[in-house]
Amino acid sequence: MKSLFAVVASMLIALPALAQVKPCEELKSEIETKIKNNGVNAFTLTIVGKDAAEDGKVVGTCDGGTNKIVYKRGVAEAPRETTGEAKPQPK
């Protein structure tokens, strides 16, 4: 009987660790849906490594804690277009 309690107790302790092994794309999609349902239209969600410096708020971890999802409100800046021509330097 004691061994049964020990097995059940160890399973309950391990349960939260198993819940964090969600794929990043799946979690990102769920978070994106929740943000849109709250009325936010302009935002970005980025998946970065757990040790990467983030520019925004961490809203989730995924892939067993190896990555994190970073939220930043507002529209991401689009890369500037270049024509490939050199601009004259002022003298």
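Helices (H or I, at least four residues) and strands (E, at least two) are DSSP runs, numbered from the N terminus. The structure described here is a predicted model, in which local features need pLDDT of at least 70 and side-chain atom pairs count only at pLDDT 80 or more, while totals for chains, interfaces and linings use all residues. Residues are numbered from 1 along each chain as its sequence is written, and side-chain values use heavy atoms, with hydrogens and water left out.

Strands of a sheet pair through backbone hydrogen bonds, either parallel or antiparallel. Two strands are taken to pair if DSSP finds at least two bridges between them. In this model, three strands form an open sheet in the order β1-β3-β2, with antiparallel pairing. The edge strands are β1 (43-49) and β2 (57-62), each of which pairs on one side only. From one strand to the next, the twist averages 25°; axes are lines fitted to C-alpha atoms, for helices over the stretch in contact, and angles run from 0 to 180 degrees between N-to-C directions. Five bridges join β2 and β3 in the antiparallel sense. The bridge partner of G60 in β3 is I69. Helix α2 (residues 24-37) packs on the sheet and touches β1, β2 and β3, where contact means heavy atoms within 4.5 Å. The direction of helix α2 makes about 155° with that of β1.

Y71 lies in strand β3, which spans residues 67-73. Because its relative accessible area is 17%, Y71 is buried (under 20% relative accessible area; exposed is over 50% and partly exposed in between, with a 1.4 Å probe and protein chains only). Residues up to four places away in sequence aside, Y71 touches I35, V40, F43, T44, L45, G56, K57 and V59. The C-alpha atoms of Y71 and E32 are 9.4 Å apart, although 39 residues separate the two along the chain.

A pair of aromatic rings is described by the distance of the centres and the angle of the planes. Rings of Phe, Tyr and Trp (its six-membered ring) pair if their centres lie within 6.5 Å; planes under 30 degrees apart count as stacked, over 60 as edge-to-face and the rest as tilted. One aromatic pair is found in a search of the whole structure. This pair, F43 and Y71, is tilted, with 6.1 Å centre to centre and 35° between the planes. F43 in strand β1 and Y71 in strand β3 are 28 residues apart, and the pair links distant parts of the chain.

N67 also lies in strand β3 and counts as buried because its relative accessibility is 18%.
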